[in-house]
Amino acid sequence: MREPHEQNVEVDRTEVHKKSDSSLVAATFIKYAAYIIIFFGFLYFLIRYVFPKF
């Protein structure tokens, strides 16, 4: 009877964890909120001061 071949197989397991860093989310929110505030401030300036001069 044939003996089964013995093989040493090493399996590397890599675990991927998604990190939800709340400080990164908050910083991104603050950044885009600042963009929106600046955009609307610029629109307000255009409507209030620039357009009436035409």
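Me: Buried means under 20% relative accessible area, exposed over 50% and partly exposed in between (1.4 Å probe, protein chains only). What percentage of the chain's residues counts as buried?
Reply: This is a predicted model, where local features need pLDDT of at least 70, side-chain atom pairs count only at pLDDT 80 or more, and totals for chains, interfaces and linings use all residues. Residues are numbered from 1 along each chain as its sequence is written, and side-chain values use heavy atoms, leaving out hydrogens and water. Across the 54 residues of the chain, the buried share is 0%.

Me: Which element is Phe45 found in?
Reply: Phe45 has a relative accessible area of 42%, so this residue is partly exposed. To find Phe45, look along residues 22–50, which make up helix H1.

Me: How many aromatic pairs are there, and what kind is the one formed by Tyr32 and Tyr35?
Reply: Rings of Phe, Tyr and Trp (its six-membered ring) pair if their centres lie within 6.5 Å; planes under 30 degrees apart are stacked, over 60 edge-to-face and the rest tilted. By that rule the count is 3 aromatic pairs.

Me: Where in the helix do Tyr32 and Tyr35 sit relative to each other, and what is the relative accessibility of Tyr35?
Reply: The two are 3 residues apart in helix H1, so about one helical turn separates them. Tyr32 is partly exposed because its relative accessibility is 46%. Tyr35 also counts as partly exposed, at 47%.

Me: What kind of pair do the rings of Phe39 and Phe40 make?
Reply: Their centres are 5.5 Å apart and their planes stand at 65 degrees, so the pair is edge-to-face.
Phe39 is partly exposed, with 48% relative accessibility, and its pairing with Phe40 is edge-to-face.

Me: Which residues does Pro52 touch, not counting those up to four places away in sequence?
Reply: Pro52 is found in the segment after H1. At 54% relative accessibility, Pro52 counts as exposed. Taking contact as heavy atoms within 4.5 Å, Pro52 touches Leu46 and Ile47.

Key: Helices (H or I, at least four residues) and strands (E, at least two) are DSSP runs, numbered from the N terminus.
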